Amino acid sequence: MRRLLYILPLAVFGVIAAYFVAGLDPARDPGAVPSALIDRLAPSFTLDSLDPALPDLVSDDLRGEVVLVNFFASWCLPCRVEHPLLQQLAQEQKISIYGIVYKDEPAAIAGWLDDLGNPYAMVAIDPDSRTAIDFGVYGVPETYVIDREGRIRFRFAGPLDPVTIETTLLPLLAELRE
């Protein structure tokens, strides 16, 4: 019985250590959070445009061509890092990118876009984050690829990077545009 008291803590430690070692597997991406919306229609929404002279952004605007939807904010440092890549995508790939402002003030976003440039075909304000919640956004930036039928085909949480754009995003865009 006394022996069991010595072996039990070692066994518990061994199980815990094995769990943590398994978590270090490089094939597991802790940032990859699956979306239940993949291959489903994008959520229905109507959002005010950042520019009051432009019409509202509605979910039907996401149909007819392959587009990106990017949730972002001016206070988000990763959004600032990602921004030049979005500009490059919009110019070089001729893809429409719809920006949806997440938990930010319109004046702050307008100033941010004036400073950094505007890669977006349209920028919409999500004042109560309802649309972000419907998309499953848990932080910014998050980018979604929407196909011609309005279905979500890909979700990327975090700032896009050149490797993800080259190895995942561009091949998917090419496939969806065929």
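Is R153 buried, partly exposed or exposed? At 28% relative accessibility, R153 counts as partly exposed, where buried means under 20% relative accessible area, exposed over 50%, and partly exposed in between, with a 1.4 Å probe and protein chains only.

Some ground rules. This is a predicted model, in which local features need pLDDT of at least 70, side-chain atom pairs count only at pLDDT 80 or more, and totals for chains, interfaces and linings use all residues. Residues are numbered from 1 along each chain as its sequence is written, and side-chain values use heavy atoms, leaving out hydrogens and water.

Back to R153. Its side chain meets that of D147 in a salt bridge at 3.4 Å, N to O; the term means a side-chain nitrogen of Lys or Arg within 4 Å of a carboxyl oxygen of Asp or Glu. D147 is buried, at 4% relative accessibility.

Another of them joins R155 and E142, at 3.1 Å from N to O. R155 counts as buried at 12% relative accessibility, and E142 is buried at 1%.

Now the aromatics. Rings of Phe, Tyr and Trp (its six-membered ring) pair if their centres lie within 6.5 Å; planes under 30 degrees apart count as stacked, over 60 as edge-to-face and the rest as tilted. That rule gives 7 aromatic pairs. One of them is F72 with W112: the centres are 5.5 Å apart and the planes at 25°, so the pair is stacked. Both residues are buried. Ring pairs also link F45, F71, F135 and Y144 into a cluster.
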